[in-house]
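Q: I have a model open and want to read its features one by one. Where do we begin?

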Amino acid sequence: MINDDLRSTAPAAPPAALATSTPTERRRAQASSFLGSAVEYYDFLLYAAAAGLVFPELFFTGMDQGVAILLSYLTLFTGYISRPIGGLLFGHFGDKIGRKRMLFITLMVMGLVSIAIGLMPTAGSIGIAAPILLALMRLLQGFAVGGEWAGAMLMSMEHSKSESRGIGASIAMAGAPFGAVLATLVLALTSSATGDAFLEWGWRVPFLLSAVVVAVGLYLRTRVSESPEFEAARERGEVHTGLPVAILVTKYRRAVLLGTLGVMAPLFIQSLLAVFMVPYVVEAGVVTRETALYMLTLSNFVHVFTIPFFAWVSDRVGRRRTMVAGAIFSAVAIWPMFALFDSSSPGLVALAFLVGNPLIQASMFGPVGAYLSEMFEPTARYSGVSATYQLGSLLGAGLAPLVAQELVTADAGTRDLGLYIVAAYVVSGLAVWFSRNAGERRGDPTVAEPARTPVDA
């Protein structure tokens with residue numbers, strides 16, 4: 001459904017445009033989107049995990065540990081800065097010439113950058129040039145991911161049946177935690193197998209292994225057909241002649257603002273768990289590095305299934321209801337999650353990861369793909385979703401480790417961080433509520449109804 005406030009400027013695609021995919025094309029598009037996202041996020045989140053565990057010692061040598069960790073997180077943040085830029089660029093061409101070509105390029109760039117990181121000399125070899133090159137590689141990673149997320153999600157959703165677009169979009173989104181499973185599992189296995197040699201060369205192995213999964217992903221992407229909804233819009237002559245970003249500024253300002261704030265909080269939690277909480281429990285002496293990575297791996301595996309579950313719920317009761325309920329639940333559940341992390345019990349720490357990703361993060365994040373997509377017409381959708389999601393990622397995921405590093409102290413513990421997260425969920429919940437996304441009724445979510453005064457919340 002199209003946002004109630006934007007119906008006059010963003011007409012929904014006719015149902016016929018959504019029914020052109022055959023079951024085979026639909027399955028192929030969804031499998032390609034899932035595995036492509038998994039490959040992209042394997043590379044992207046592998047860097048995130050290494051930023052807390054490896055890079056401070058290898059690329060910021062000779063510094064105070066706290067300063068080295070902070071600088072490592074700053075290089076991580078540069079990837080989030082470049083994501084909106086990549087989203088706008090790939091979104092522009094994705095809305096002009098189609099989704100498929102852009103997705104092939106983003107995957108190739110991501111794979112080449114990951115291999116380059118695996119071969120990169122450290123500060124012990126080339127001095128200050130090492131962290132500079134590392135930051136440059138992260139910028140390129142973020143640039144590629146900025147175009148990947150929206151494109152993969154749209155390919156999966158736009159091939160789906162109209163009544164199941166939420167779960168269709170979530171299949172591509174579930175590829176991200178699956179990629180995280182691969183990243184943390186390979187990193188944990190490599191850390192265990194190489195022992196003391198992990199900091200010397202073992203950490204490079206997971207990055208170099210991405211060459212294999214990228215090759216598989218590229219093959220799958222050559223076999224998927226273009227989005228039928230985009231093709232139908234192009235045949236009707238609805239492709240915009242102007243700049244898609246200009247259309248966002250003129251027609252979709254409110255949608256971009258509220259959508260950005262709406263995804264901010266769940267993305268904050270996602271990054272917090274992947275980047276900050278693993279070294280947090282390791283430094284506290286609760287578990288070893290390998291055990292913490294295995295815990296995160298298990299939570300990400302369960303996450304693969306809970307994202308589609310909450311998207312399925314949104315297909316039946318509405319995006320807004322599902323996401324606002326998720327925001328309320330998350331603002332409350334964050335406190336027992338931190339209590340579990342601070343329990344000094346390995347079993348309870350494992351439970352904390354399971355509460356954090358599959359429940360807290362997924363409860364609001366599951367419907368995000370369809371929620372954002374339904375705000376934009378097909379020929380501005382790639383640009384709109386990319387810009388909105390990546391700006392939310394910058395404010396949420398990008399800032400998470402930096403905020404946590406500053407707010408978690410010996411005196412306050414995780415209290416101040418918890419208050420920050422509650423505030424973030426209040427903002428995100430209100431943004432979703434006031435966006436009045438039209439996914440409030442059962443039935444075909446692509447058919448806009450006449451505007452009504454009371455929104456059926």
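Q: Which backbone nitrogen does the side chain of Asp315 reach, and at what distance?
A: This is a predicted model, so read every value as computed from it. The Asp315 side chain reaches the backbone nitrogen of Ile167, at 3.1 Å.

Q: Where is Asp315 found, and which residues is Asp315 in contact with beyond its neighbours within four places in sequence?
A: Asp315 lies in helix α13, residues 289-317. Setting aside neighbours within four places, the contacts of Asp315 are Glu163, Ser164, Arg165, Gly166 and Ile167.

Q: Does Asp315 count as buried or exposed?
A: Buried means under 20% relative accessible area. Asp315 has 10% relative accessibility, so it counts as buried.

Q: Which members of the largest nonpolar core touch the most other members?
A: Start with the general idea: in soluble globular proteins, nonpolar side chains tend to be buried together. Here the largest nonpolar core has 123 residues, and Phe55, Trp149, Leu272 and Phe341 touch the most other members. Helix α12 (residues 253-283) supplies the largest share of this core, 17 residues.

Q: What does Phe341 touch?
A: Not counting residues up to four places away in sequence, Phe341 touches Leu273, Met277, Val281, Val349, Ala352 and Phe353.

Q: Which residues form the nonpolar patch on the surface?
A: The patch consists of Ile126, Leu133, Leu136, Leu139 and Leu140. Together they have about 360 Å² of accessible area. Helix α6, residues 129-158, gives the most to the patch, with four residues.

How values were computed
Residues numbered from 1 in each chain as written. Predicted model: local features only at pLDDT ≥ 70, side-chain atom pairs only at ≥ 80, totals over all residues. Heavy atoms only, no water. Core = buried A, V, L, I, M, F, W, Y, C linked by side-chain atoms within 4.5 Å. Buried < 20%, exposed > 50% of the residue type's maximum accessible area, 1.4 Å probe, protein only. Helix = DSSP H or I, 4+ residues; strand = E, 2+ residues; numbered from the N terminus. Contact = heavy atoms within 4.5 Å. Patch = residues over 30% accessible without salt bridge, like charges linked within 9 Å, V, L, I, M, F, W, Y side chains within 5 Å. Areas by Shrake-Rupley, 256 points an atom, 1.4 Å probe, with all protein chains shown as cover. Salt bridge = Lys/Arg side-chain N within 4 Å of Asp/Glu carboxyl O. Polar contact = N/O pair within 3.5 Å; in protein donor to acceptor, adjacent residues only side chain to side chain.
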